[in-house]
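Dear colleague,

Please find the structure below, handed over for your use. The notes that follow it set out what was found.

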Number of protein chains: 2
Amino acid sequence: MREELKALEPYMVRSNRINAQRMDLNENPYGCSKKVMKELRRFKGYELYPEYDSLLEALAEEFSLKKENFILTCGGDDAIRIIIDGCVDRGNNVVLPSPTYSMLPVFLKAKGARISEIPYKKDLSFPSDEVFDSIDRNTALIALVNPGNPTGGIIEEKGLQRIIEKGPYVLLDETYWHFVGKSYASWVKKHDNLFIVQSFSKAYGLAGLRIGFVASDEKNIEELRKIALPYSVSSLSARAAEIALADKDFARMVVERTQVEKKYLKRALRHFCEVKDTHTNFLLAYFGEDSKDVFKALEQRGILVRDMSSVLPGYLRISVGKRKDNRALISALKEIK
Amino acid sequence: MREELKALEPYMVRSNRINAQRMDLNENPYGCSKKVMKELRRFKGYELYPEYDSLLEALAEEFSLKKENFILTCGGDDAIRIIIDGCVDRGNNVVLPSPTYSMLPVFLKAKGARISEIPYKKDLSFPSDEVFDSIDRNTALIALVNPGNPTGGIIEEKGLQRIIEKGPYVLLDETYWHFVGKSYASWVKKHDNLFIVQSFSKAYGLAGLRIGFVASDEKNIEELRKIALPYSVSSLSARAAEIALADKDFARMVVERTQVEKKYLKRALRHFCEVKDTHTNFLLAYFGEDSKDVFKALEQRGILVRDMSSVLPGYLRISVGKRKDNRALISALKEIK
């Protein structure tokens, strides 16, 4: 098989998470909209190939764009995959602020890209000037995550604009945008080199249903259609996404409660470790040399968090849970430390 | 964007099929197992990332293989995509008997493969000797469909074995295998260059849910995991597939009724056109120069069939429906011809 694959490691999927306290994958502890659940129970026609017009029109309305500005994907991962497949060729240079969302380097390496890693600053803020300066005639793509994952911070608007204006293609992963309340999707009208990636896995609580999308200039979307799966999203999932988009109250409630709980968790965690402020539904906790021990001790107590040591030594990424989850985490840490 | 994309045409997806008589995409006119529908109404946990162990184990049992022999995909298309992405590099030679399933050339061209098209014989039987002879040291992959689509015939077993034994990697798309009752999945134990593609879209009636898989040697599956989406199938869809696999009666009923209806439809169609015998849930009808007119006239009457003229001039591909669908088609043809 292809040469690039030999050096790659697959993304490891953990199983048997169902009975654990899950603070590792930034899922939605509030579930999803009840309206979605009700609708899916009534859904018929599993035997028919999906149709997406209705969801595409809802997305167009949501972001004041046209339906031709969107393509649906099997979660945000598939969105990232088709953008990279479309824009990047073997040996092309890709500017990648690091650490970043784990699937970005996986897909880039599989494609044989040359990755120019630009480290986040020491305080984990976005290295705007360094990214800008690193763009040159050999750059094929700049891959950004805003708000950042795992770093949690945001890219300052003027810096982002400057990068997009200088850059060739820019991928902007907005998986966590609801938690900061600002999406740059409307910018695809003025920047024809911008690809926005979004997902229904976080604020909408539909991670199991695998729905994401790319928003971009119409011509870019037309090109992506040539390499995308024609039927990339389940018909049930497409219907769920449409209902989820319409239920503004649910997503708003999720964001509000997440802010309240994050504040609570942050304050409580500070008795045990340094905590980085974030604009997402997770916190970054610095346990230094103890981080792996804390990770394991939590795991033994049935609490899953994300060990970031391979990219951010000493850090654990902790999804903000409901109050009872957050309390259980703090109790466990009291026992451990 | 990439050079290869310029010359490509996207796969055209038709919308508003819901109120038409759908004989164009070989969907299952009997719907899906009632047990699947019942289970999906009870399903909870849309907010959680999917886990696939349970379905993988069910597949392993079904085909007397190990769960490490399988990877789940977003329909059969995604299975084809990852095999091509793993095995084929720009400029590599791929042996492709033609006409074939429409997504095969799409993904191969997107990858920049050189396609060695081997035409099916005049009677639409599989060109076994010609495929065998065309395999040489430059061949990276041989992409086969059995039973064939749109040709509908089967590959004779000894010829298939000979090709696999001579060949480098062999992709064998078995989307329609239930209708002939024979899968070669167990051959992955003795041929480590064989990739079997299957789908839940046909006999199981789950086209809307986007579930497919690759069966292959463990080491190949390990490589495919590096380029596949880690969460390629919705959690609901994975559960549906597991229930569908267990409900042997439903799939058996579908195959039996399809045989009966195919016999009826074939006999009735012969008053209007030549009909090719098939081992699938569709028929190939030869209307010669009239084919485009017949296609349009049927469409005007709300009956969708598949115009194959771009690859098989004069032919329409017609999915076998329920008795009332088949009767309605015949009535429409009486009006038209």
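This is a predicted model: local features need pLDDT of at least 70, side-chain atom pairs count only at pLDDT 80 or more; totals for chains, interfaces and linings use all residues.

Residues are numbered from 1 along each chain as its sequence is written, and chains are lettered from A and ligands numbered from 1 in the order in which they are written.

**The contact between the chains**

In chain A, 51 residues are in contact with 51 residues of chain B; two residues are in contact if their C-beta atoms, placed from the backbone, lie within 7 Å. On the side of chain A that touches chain B, α2 (34-42), α4 (75-87), α8 (218-225) and α9 (235-246) of chain A each supply at least two residues. Helices (H or I, at least four residues) and strands (E, at least two) are DSSP runs, numbered from the N terminus. The largest share of this side, six residues, belongs to α4(A).

By residue class, the side of chain A that touches chain B holds 24 nonpolar, twelve polar and 15 charged residues. Here Ala, Val, Leu, Ile, Met, Phe, Trp, Tyr, Cys and Pro count as nonpolar, Asp, Glu, Lys and Arg as charged, and the others, Gly among them, as polar.

The largest nonpolar core has 166 residues, of which A:L171, A:L206, A:V214, B:L171, B:L206 and B:V214 touch the most other members. Such a core is a set of buried Ala, Val, Leu, Ile, Met, Phe, Trp, Tyr and Cys residues joined through C-beta atoms within 7 Å. A residue is buried if 20 or more other C-beta atoms lie within 10 Å of its own, exposed if 12 or fewer, and partly exposed in between, with C-beta atoms placed from the backbone. Leaving aside neighbours within four places in sequence, B:L206 has contacts that include A:Y46 and A:E47 of chain A, and B:C32, B:F200 and B:A240 of chain B.

**Chain A as a whole**

Chain A has twelve helices and 13 strands. Its radius of gyration, taken over C-alpha atoms, is 20 Å, close to the 20 Å that the globule rule gives for 337 residues, so chain A is as compact as a globular protein of that length. The globule rule is 2.2 Å times the number of residues to the power 0.38. Along the principal axes, the C-alpha atoms of chain A fill a box of roughly 55 × 50 × 45 Å. Of the 337 residues in chain A, 52% are buried.

Chain A is divided into domain 1 (17-29 + 249-336) and domain 2 (34-246), with bounds that come from an automatic or database domain assignment. The centres of these two domains, taken over C-alpha atoms, are separated by 25 Å. Their contact takes 18 residues from domain 1 of chain A and 18 residues from domain 2 of chain A. On the domain 1 side, α10 (248-269) and β10 (282-286) of chain A each supply at least two residues, and the largest share, four residues, comes from α10(A).

**Local features**

Helix α5 (residues 103-110) of chain A is mostly covered, with six of its eight residues buried. These buried residues pack against α1 (3-6), α4, β3 (93-98), β4 (114-119) and β5 (139-145) of chain A. Just after α5(A), A:G112 takes a positive phi of about 80°.

Most residues other than glycine have a negative phi, and most peptide bonds are trans. A:N146 and A:P147 are joined by a cis peptide bond, with omega about -5°; A:P147 is found in the loop between β5 and α7 (157-166) of chain A. A cis peptide bond with omega of about -5° also joins B:N146 and B:P147.

A:S64, which is not a glycine, has a positive phi of about 50°. A:S64 lies in the loop between α3 (53-62) and β2 (70-73) of chain A and is exposed, with 10 other C-beta atoms within 10 Å. A:R210, also a residue other than glycine, has a positive phi near 55°. A:R210 is found in the loop between β7 (194-199) and β8 (212-215) of chain A and counts as buried, with 31 C-beta neighbours inside 10 Å.

With kind regards
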